[in-house]
Amino acid sequence: MSRTRNAPLIDAAAGRTPSRPPVWFMRQAGRSLPEYRKVREGIDMLDSCFMPELLAEITLQPVRRHDVDAAILFSDIVVPLKAAGVGVDIVPGRGPVMEQPVRTKEDVAKLPILDTDVPQVRDGIAIILDELTETQALIGFVGAPFTLASYLVEGGPSKNHEKTKALMHAEPQTWHALMERLTPTIINFLQLQMEAGIDAMQLFDSWAGYLNERDYREFVLPYSTEILKAAEGRIPRIHFGVGTGELLGAMSEAGSEVMGVDYRVPMDAAAGRVNASVLQGNLDPALLFAGDDAIRSAVRTIKGEVAAAQAAGDIDTHIWNLGHGVLPTTGAEAVTRAVSIIHEEG
């Protein structure tokens, strides 16, 4: 039986009319909050993801402060790699950096697969669920295999993903072997979150927007489909990528009920491209620096685009979010005000 009752996000994800416009923000837990900076002081990012009380506290902070309708599990896409035994660290100002890049078939064969429990995450979820009300959803989080593969191949963040694309096209068998090696780790990490009680999940593909549709379909789509299938019929599934306007149609074929839209694509245009009944997005995170009037105007514009998509029969309903994550320098009060405006106007 579902833990939630009349939860706006869960109702919207199911195509029902929610009691109020559901809203949560990617990266709502993080550096924009002074309380986050305080509890994380002196603690490495990845370490904090394996400390149950701390990851729960960080997950819950924006729910308490902003009145969002969902918590997003505090994690990082490389957490399952770390849990499997991969040498990885998150370098401040840079991001995930691998101890050893994975670039050959031998490297792929040695890549460990997560096949054990991660009790720290499971325990953290239990603490979170104990505080959330029945109207507040907990969204689980996994990174998509292309983005994880790119970090592994490049050895860290990349502007052009040249080593990743070179492997993909020069040694496609090695590429597919890497994706087949990563997919069970991602599914196992998602599975333990579902068993621990998450109410919904998001598959996050940070770098998919660097691919064209042909390459996405051949080298990525089958694996993202397999991951989303692991949650089919169990919890609502959200699929989101950055800069993926041209890929929305292909990404929606992976099977999620909800498709996330970044701030570059109008919602009615996005709705015409996807095979999904619910859209999520897509307020520009930079507008949180522009003041209430600018936010209110943008919210009304998005609301109009969603209404047009509904009138066209392209979607059933909508979950509010940013078109990417909360920027680190965003004032906490600006985030609270944006949530309030969406609840009023959306």
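1. Basis. In this predicted model, local features need pLDDT of at least 70 and side-chain atom pairs count only at pLDDT 80 or more, whereas totals for chains, interfaces and linings use all residues. Residues are numbered from 1 along each chain as its sequence is written, and side-chain values use heavy atoms, with hydrogens and water left out.

2. Annotated site. The UniProt record, an unreviewed entry, places the feature "binding site" at Arg 27, Gln 28, Ala 29, Gly 30, Arg 31, Asp 76, Tyr 151, Ser 206 and His 324; UniProt positions are given in the numbering used here, feature names are shortened, and annotations may be inferred rather than shown by experiment. These residues span 298 residues in sequence and their farthest two C-alpha atoms are 23.3 Å apart, so they do not all gather at one spot.

3. Gly 30. This residue sits in the loop between α1 (8-13) and α2 (34-39), where helices (H or I, at least four residues) and strands (E, at least two) are DSSP runs numbered from the N terminus. Gly 30 has a relative accessible area of 8% and is buried (under 20% relative accessible area, with a 1.4 Å probe and protein chains only).

4. Asp 76. Located in the loop between β1 (70-72) and α5 (79-84), Asp 76 is also buried, at 17% relative accessibility. Beyond its neighbours within four places in sequence, Asp 76 is in contact (heavy atoms within 4.5 Å) with Met 45, Cys 49, Ile 90, Pro 96 and Phe 141.

5. Aromatic pairs. The whole structure holds six aromatic pairs (rings of Phe, Tyr and Trp, the last by its six-membered ring, with centres within 6.5 Å; planes under 30 degrees apart count as stacked, over 60 as edge-to-face and the rest as tilted). One of them joins Tyr 36 and Phe 74, whose ring centres are 5.9 Å apart with planes at 65°, so the pair is edge-to-face. Tyr 36 belongs to helix α2 and Phe 74 to the loop between β1 and α5, 38 residues apart, and both Tyr 36 and Phe 74 are buried.

Methods
Buried means under 20% relative accessible area, exposed over 50%, partly exposed in between (1.4 Å probe, protein chains only).
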